[in-house]
Amino acid sequence: MTITDRPNGWPEKAARAAVRLSWAAARMSSIVLLLAAWQLLARSGMFTHYQLPALSDVLGRIWSDGVSGDLWINTGLTLYRALTAFCICTVGGVLIGMAMSRSIVANWFFDPIVSVGFPMPKIAFLPVVILWLGVYDVSKITIIVVDAIFPVIAATIIAIQGVEKQLIWSARNMGASNRELLTQVVLPAASPQIMTGLQVALPLCLIVAVVAEMLMGGYGLGGAMITASRFANSTGVFAGIVEIAVVGYCLVKIMAVVRRRLLVWHQEANAPSTV
């Protein structure tokens, strides 16, 4: 294709793409500076290799783990536990939140549990979960669900209660049944806030998955980190930190993209993207 064959508007599209790339590079500058400072401090002699291994050594360890396959096994297991728990939190949290917002009996039953459980550190239940379910995937997924479901419940309740009454009244005047009212009016209107609760729950699932793996041992990013720590392998510990940071960043960005796709009809979809 020659320059004369290019469709009209091509220079403007190229300019917009260049601007977006420039802003993306600017947003990453702080990370680049942090990594550069890490490398310089590690090589300056201010810290021992045990206290702060060089970034290049950590990246080399990640590369060797990737070549050996350990990185993919550990990452896959951690994501399996975190995402399985997230799916359970999504379905269970939305259903419980809907029930609490629309049923007096459900609200009477669940409200004390949510009120007491939300602010407390749910990781305290880990010894009980281990006694009941052992130290394998079921127990790890269970403690993740126990910890991460509360933001979804709370977001769903607030979202449904915040739906404008005029929408509900208009739908009822048009003859909408309770099911149609819920599926075609209430849930779409509440979906932005519900998605916010899910965006809170997703990184929380990853955090609790790593903590559970650290405490229970076995394979996974958290288990690999605690194993490296027991053998005084500082490079392995920092490699785990970098791996978890990258996985968490990717999950958050993917969730933001999913939110924009699902809420394409909402006014927030017209706002400038930060992804």
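**Pockets, patch and salt bridges**

Q: What is the volume of the second largest pocket?
A: The model is predicted. In it, the space in the second largest pocket comes to about 280 Å³.

Q: Which residues lining the second largest pocket are the closest to its centre?
A: The lining holds 19 residues. Five of them are named as the closest to the centre: Arg 61, Asp 65, Asp 70, Asn 74 and Ala 224.

Q: Which element gives the largest share of the lining of the second largest pocket?
A: Elements giving two or more residues are α3, α4 (70-102), α10 (221-230) and α11. The largest share is 6 residues. Those 6 come from α10.

Q: How many charged residues are in the lining of the second largest pocket?
A: Sort the lining by class. It has 8 nonpolar residues and 7 polar ones. The charged residues number 4.

Q: How much space lies in the largest pocket?
A: Trp 38 and Tyr 249 are among the residues lining the largest pocket. The space inside is about 380 Å³.

Q: Which elements give two or more residues to the lining of the largest pocket?
A: The lining includes Ile 31, Leu 34, Leu 59 and Val 246. Elements with two or more lining residues are α2 (29-44), α3 (55-68) and α11 (234-262).

Q: How many nonpolar residues does the lining of the largest pocket have?
A: Take the other classes away. The lining has no polar and no charged residues. Its nonpolar count is 11.

Q: What accessible area does the nonpolar patch have together?
A: The patch on the surface is formed by Met 28, Ile 31, Val 32, Leu 35 and Tyr 249. Its largest share, 3 residues, comes from α2. Together the patch has about 440 Å².

Q: Is Leu 35 buried, partly exposed or exposed?
A: Leu 35 sits in helix α2. It takes part in the nonpolar patch and also lines the largest pocket. Its relative accessibility is 34%, so it counts as partly exposed.

Q: How many salt bridges does the structure hold?
A: Side chains of opposite charge can pair when their charged atoms come close. Another is Arg 81 with Asp 137. The structure's count of salt bridges is 4.

Q: Is Asp 137 buried, partly exposed or exposed?
A: Buried means under 20% relative accessible area. Arg 81 is buried, at 5%. Asp 137 has 24% relative accessibility, so it counts as partly exposed.

Q: How far apart in sequence are the parts that Glu 213 and Arg 81 tie together?
A: Glu 213 and Arg 81 form a salt bridge, with closest N and O atoms 2.8 Å apart. Helix α9 (residues 178-216) holds Glu 213, and helix α4 holds Arg 81, so the sequence separation of these parts is 132 residues.

Q: Which residues are linked in a network of salt bridges?
A: Arg 81 pairs with Asp 137. Glu 213 also pairs with Arg 81. The network therefore links Arg 81, Asp 137 and Glu 213.

Q: What value is phi of Ala 232 near?
A: Ala 232 lies in the loop between α10 and α11. It counts as partly exposed, with 45% relative accessibility. Its phi is positive, in a residue other than glycine, and is near 55°.

Q: How far apart in space are Ala 15 and Val 128?
A: Ala 15 lies in helix α1 (residues 10-27) and is partly exposed, at 42%. In sequence, Ala 15 and Val 128 are 113 residues apart. In space, C-alpha to C-alpha, they are separated by 58 Å.

Terms used
Residues are numbered from 1 along each chain as its sequence is written. This is a predicted model: local features need pLDDT of at least 70, side-chain atom pairs count only at pLDDT 80 or more; totals for chains, interfaces and linings use all residues. Side-chain values use heavy atoms; hydrogens and water are left out. On a 1 Å grid over the protein atoms alone, a cavity is a set of points where a 1.4 Å probe fits but cannot get out, and a pocket is an open set with protein on both sides within 12 Å along at least five of seven lines; lining residues have an atom within 4 Å of a point. Grid points are joined across faces, edges and corners, and a volume is the space filled by probe spheres set on the points. Helices (H or I, at least four residues) and strands (E, at least two) are DSSP runs, numbered from the N terminus. Ala, Val, Leu, Ile, Met, Phe, Trp, Tyr, Cys and Pro count as nonpolar, Asp, Glu, Lys and Arg as charged, and the others, Gly among them, as polar. Patches are made of residues with over 30% relative accessible area and no salt bridge: like charges are joined within 9 Å, nonpolar side chains (Val, Leu, Ile, Met, Phe, Trp, Tyr) within 5 Å. Accessible areas come from the Shrake-Rupley method with a 1.4 Å probe; for residues, only the protein chains shown count as cover. A salt bridge is a side-chain nitrogen of Lys or Arg within 4 Å of a carboxyl oxygen of Asp or Glu. Buried means under 20% relative accessible area, exposed over 50%, partly exposed in between (1.4 Å probe, protein chains only).
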